[in-house]
Amino acid sequence: MGIILGVLEQGLIFGIMALGVYITYKILDFPDLTVDGSFPLGAAMSALLITHGVNPYLTLLISFAAGVLAGICTGLIHVKLKVRDLLSGIIMMTALYTINMVVAGKANVPLFSKETIFDNSFINNIFTGEMANFKTLIIVLILALACKFLLDAYLKTKSGFLLRAAGDNDVLVTSLAKDKGLVKIVGLAIANGLVALGGSVMAQQQRYFDISMGTGTIVIGLASVIIGISLLRGLTFLRSTTTVLIGSILYKACVAIALAKFPPTYMKLITAVLFLIILVISMQLKKKVKTND
Amino acid sequence: MKKKMLAVILSMTMAAALLGGCGNEQKESSAAKEPAATEQPAPQADDPQAAKEPEEAGDNASSEENKPASGLVEGDFTIGISQFAQHGSLDNCREGFLTGLAEEGFIEGENLTVEYQNAEADMGIVNQIPQGFVSNKVDLICAIATPAAQSAYNAAMNSGIPVIYTAVNDPVGAELAKEDGMPVGEVTGTSDKLPVDAQLKMIRELLPDAKKIGIMYTTSEVNSESTIAEYEAAVGQYGFELVTTGINTTADAPLAADNLLSKVDCLNNLTDNTVVSALPTILDKANTQKIPVFGSEVEQVKIGCLASEGIDYYQLGIKTGKMAAQVLKGEKKASEIKMETITGSELYLNTKVADDLGISLPDDVKSRASETFTEIQMAE
Amino acid sequence: MIELKQIHKYYNPGTINEMCLFDNFDLTVRDGEFVSVVGSNGSGKTSLLNIICGSIRIERGQILMNGRDITREKEYKRMSHIGRVYQNPAMGTCPTMTILENMSLADNKGKLYLLGKGTDKKRKEYYRDQLSLLNLGLEDKLDVKVGSLSGGQRQAMALLMSTMTPIEFLILDEHTAALDPKTADTIMELTDKIVKEKNLTTIMVTHNLRFAVDYGNRLLMMHQGASVLDKSGSEKDRTQVDEILKLFNEISIECGN
C-alpha cells in the first residue's frame, strides 16, 4: 500500500513537470532541454523563500513565475538570436545551474524545520488520524489536476489555439498575421513555468533542495509524455494531459519495480528495459488499431 | 527531425545507464575481492570480512572474529540501507555498518534481513528508496550520504521508523541534528567530517617549504563547501595559503587541474565525489609536474596520492552499526542518541609515490602510518 | 495596389552557385485585378509571390502596398492584408485541430489572440453556412479533425479560411496543382466566386493554362525572371489557350526542354 502511495505521489509531482514537457515536445515540437535547469530553479526559489518565511503556497506561484522567465530566455535565445532549439535549451540549462546555486545560496538547503505546503498547522488540522497518510497524495493530486485543467482550459482559448497551430503548422500562424516566434516564446514560458512549479512541489515534499535534483529531468519528462501518449492512445476519451499524468505515474512505477525486485546495481538497466517494453507494447497496440480500421 | 534527435538523446541516456550499470558492478566486485598491497601481511581468517580489512584484526580484539560477544539477539529484524551512490568510501561505510551490527548480535542471514538499495546518485530515486522501506515496514533505515539521509528522514518522519545515517559531513547544516548534536527527531548517526588540522599538520611535516595548497571541489557538493570553509580557517596556522577551483562535472576536471597546478605547491583532495572520480586524470597531470597530491582517505592513497590523514570509513561504519544496534535492541531511541563525529585520524602513506616525486619521508611519519602502500594500484 | 520596383533577387549570393533570378523587375498590380501568372519551372513565379509576402528577402528594390513601402516589413505583418493559399493543402490548415477550431482560428485574424474562448458558439451557424457553400458536406463534420479530410476538402477549407476576414489581397500559389481535375475545377470556381464577391486583388500562379485563360482579367507569362507576355482587359478576353500554349512551347524549346 505504502509503495503504491509513494509511486502515486512521485508520479503526480513529476507529472506536473511532464505537463510542461508535453507543451514543448508534443504541442510546439520544440525539444526543450531547459527543464533540467528550470525544475531545480523552482525548487531553489521555494527553498530560498521558505527559509525567509514566505508562505509556502505563495512560493508555488513565485516559482512558476521564475520558470516562466527561464522559458522566455530560452525563447528569446532561439527566436531573436536564431540559435537552434536544442542548443538554446542547453545554453539556458547550463546558465541556470549557476543561477540556481546563487538563488539557493548553497548546494543543499534543508527545509525540515520549516512549514511547507504539505506540513503546516492548517493542513495538519484537516488531515488527522488515518487521513494523515494520504495528506501528501491528496495535495499533490489537487495540484496536478489543477494544472491539468488549467492547461486544458488554456489550450481552448484563442491564445491556446494559436499555440497548437504553431506546433502543427507554423505557416498558418504567419498567414494569420501573427509572429510565430512570439507564440513559441509564450509556449516555452508556460512550459517552463509548469516545470518549475513541479520542482517547487518536489522540494517541499522531499523537504530539501539539492543542486543536482534537476539532472535527468528531461528524460523523466519525455519518458512520461511518450509512455502516456503512446500507450493510452486507444483511450480517446482521455485528454492528452491526463495521459501524460498517467504516463508519469507509470514511469515511477517502473522505477519502483526495478528497485523492489532487482539488485541495486541493475536498477537503471531494468528501468530502461521496462520503458522499452512499454513502448513496444504500445506500438503493437497501435498496429492493432490500424488493422482494425 | 527534432523528435528523431530527441530519440537519439534518449537512447543515448539509456545506453549510458546500461554502461553505467555494468561499470559500477565491476567496480564493486573488484573493490570487494582485490586485496590491497600492504606491507603488513594479511592475517588469515575464516571470516571473509575480517580478511578484507586486515588492519582491523590487529588492534580491535572484539571484532577479530566478528562474532557477537553476547550471542545472537532474539527475534527477526529487517533493515533498509539507502546508499546515495557507488563510491569506495560509501561502500566501506556500508560494510562497516553491517560489521558493527554483527558485533552487537545482528547477523545478516540469521536474525537480520538487509534490503540494500543504491540510488546511483539519481535525486529522483533517492526519494523513492526510503518510501519503499517505509511501506515494507522495516525496523530501521540506514542512510549513507547526505541526500539519502535527508530523504530517509523525510519518508520515515511520520512512520516512527528510526533512521541512522552515516557519511553525512554536516548533520547540523543538513537539519538532521540540532546545534548541540542532539537529533531533530528519530534520526541520528555519524558524521564523516574530515580531520582538517591533522591533515594540514601532516602536509607541513612532509613538505616543509610548501606555501600554497590547491583544492579542487565540486560546486554542487555541499560537503566540499563546508570542508573548504574549515580549511580556509585553518591554513594560516600552518603557514599555508589556500587556492581553490570549483568544477561542475568530471569533464571540467582536466582544465581546472591545469589551472590549479600552475599556481600551487601541492594539491589536497577532499571526499568530493566528482573530483574523486576524476582523480586519475588529476594525478597524471600532477605527476608530470612533480607536484604531490594528498588524499582524504585510504582509497585515494591506494591509487596514487602521496599520503592522507583521513578517517577510516570502515571504522565509521562500525560505529554507526553499533548505534543502530542500540536502537534495534530497544536500549535507546534514536532521538536520545547524540550524533557522533569520529575523533582521531589514520595516516596512510604511499612510498612508491614518494619515491617517484623524490620526497623522503621522515621516519617518525613512517612509523606513525597505520598503513603504507608500496605500489600504485591502477584505478579502474 | 501592389507595386514592385526594380527588384533584384539573387540566390546563394557570393557562392559559386550564385544565380540571378530578378534583375530590375517591375510589376504593378492594380486594385481589383485578378492576375493569372504562368511560366515554366524556375521562371520566378513562386519567388514573385514570396517576395510580395516577405517570405524571402530581396537584395535591392522596393515593394509598395497601396503606396506604402513594405520592403522591410516582416512577413507576418504584411499578412494582415493578405490571404495566401499554398499548393500543399496541409499548409493552410491545422491537422490536429477540428474543423470548428480551424474556422475559429481563421475567424479571429486581425484581432488579438488572448484568453477568450477559442470557439464562439454564436459563430457556429455562420461557419456552417460558409462550409455548406463548398458542397463537400463539411458543415456536418465540425468536430472532425482536419487531418482526416482529403486534400481537396482541406484546400477548400484553406481557401475559405484565408478569405474569411477582411483582406485586400489574395495570393494563390498553384493552389489547384495537388488536386484531381474535378476537385480542381470545383476549387477554381469557388475561388472565382469569392474573389468577385469580396472584390479581392488577386495574384494566382498556376500551371493550368485553361484556368489562366478562363479566369481573371489579366494574364502574365514569366520566363527567366521577366514577364514575356502581359495581357489585360479585352485583349486578355480574346486570348485562347492554344495561343498561350504555342508561346509556352517556344520558350521551352529555347531553353532546351
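Over which residues of chain B does pLDDT stay under 50? I began my notebook with that, since this is a predicted model. The stretch is residues 15–65 of chain B, and the model has 61 contacts for it beyond four places in sequence. Where pLDDT is low, the predicted coordinates should not be read in detail. I then looked up the chain as a whole: chain B averages a pLDDT of 81, and 81% of the residues score at least 70.

**Entry: the core**

Next I turned to the nonpolar core. The largest one has 255 residues, and Ile141(B), Ala149(B) and Val163(B) have the most contacts inside it. I checked where this core comes from in chain B: it draws at least three residues from domain 1 (52–59 + 69–192 + 313–341) and at least three from domain 2 (196–310 + 345–373).

I picked Ile141(B) and listed its contacts, leaving aside neighbours within four places in sequence. Among them are Ile79(B), Pro130(B), Phe133(B), Ala152(B) and Ile161(B). Val163(B) is on that list too.

I went looking for positive phi angles in residues other than glycine. Ala145(B) has one, at about 85°. Ala145(B) sits in the loop between β3 (140–144) and α6 (146–156) of chain B. Is Ala145(B) buried or exposed? I found 27 C-beta neighbours inside 10 Å, so Ala145(B) counts as buried, the cut-off being 20 or more.

Glu174(C) is another case, with a positive phi of about 50°. In chain C, this Glu174(C) belongs to the loop between β7 (169–173) and α6 (181–198). Glu174(C) has 19 other C-beta atoms within 10 Å, so I noted it as partly exposed.

**Entry: where chains A and C touch**

How many residues does each chain bring to the contact between A and C? I noted 19 residues from chain A and 28 residues from chain C. On the chain A side, the elements giving two or more residues are α7 (158–168) and α8 (170–175). The most comes from α7(A), with eight residues. Sorted by class, this side of chain A has seven nonpolar, six polar and six charged residues.

**Entry: a record for chain C**

Last, I looked up chain C in UniProt. An unreviewed entry there lists residues 2–249 of chain C as "domain: ABC transporter". Over residues 2–249 the chain is 33% helix and 25% strand. I also noted that the end C-alpha atoms of this stretch are 30 Å apart.

Key
Residues numbered from 1 in each chain as written. Chains lettered and ligands numbered in written order. Predicted model: local features only at pLDDT ≥ 70, side-chain atom pairs only at ≥ 80, totals over all residues. Helix = DSSP H or I, 4+ residues; strand = E, 2+ residues; numbered from the N terminus. Buried ≥ 20, exposed ≤ 12 C-beta atoms within 10 Å, placed from the backbone. Contact = placed C-beta atoms within 7 Å. Nonpolar A, V, L, I, M, F, W, Y, C, P; charged D, E, K, R; others polar. Core = buried A, V, L, I, M, F, W, Y, C linked by C-beta atoms within 7 Å. Domains from an automatic or database assignment. UniProt positions renumbered as here; feature names shortened; annotations may be inferred. pLDDT = per-residue confidence, 0-100.
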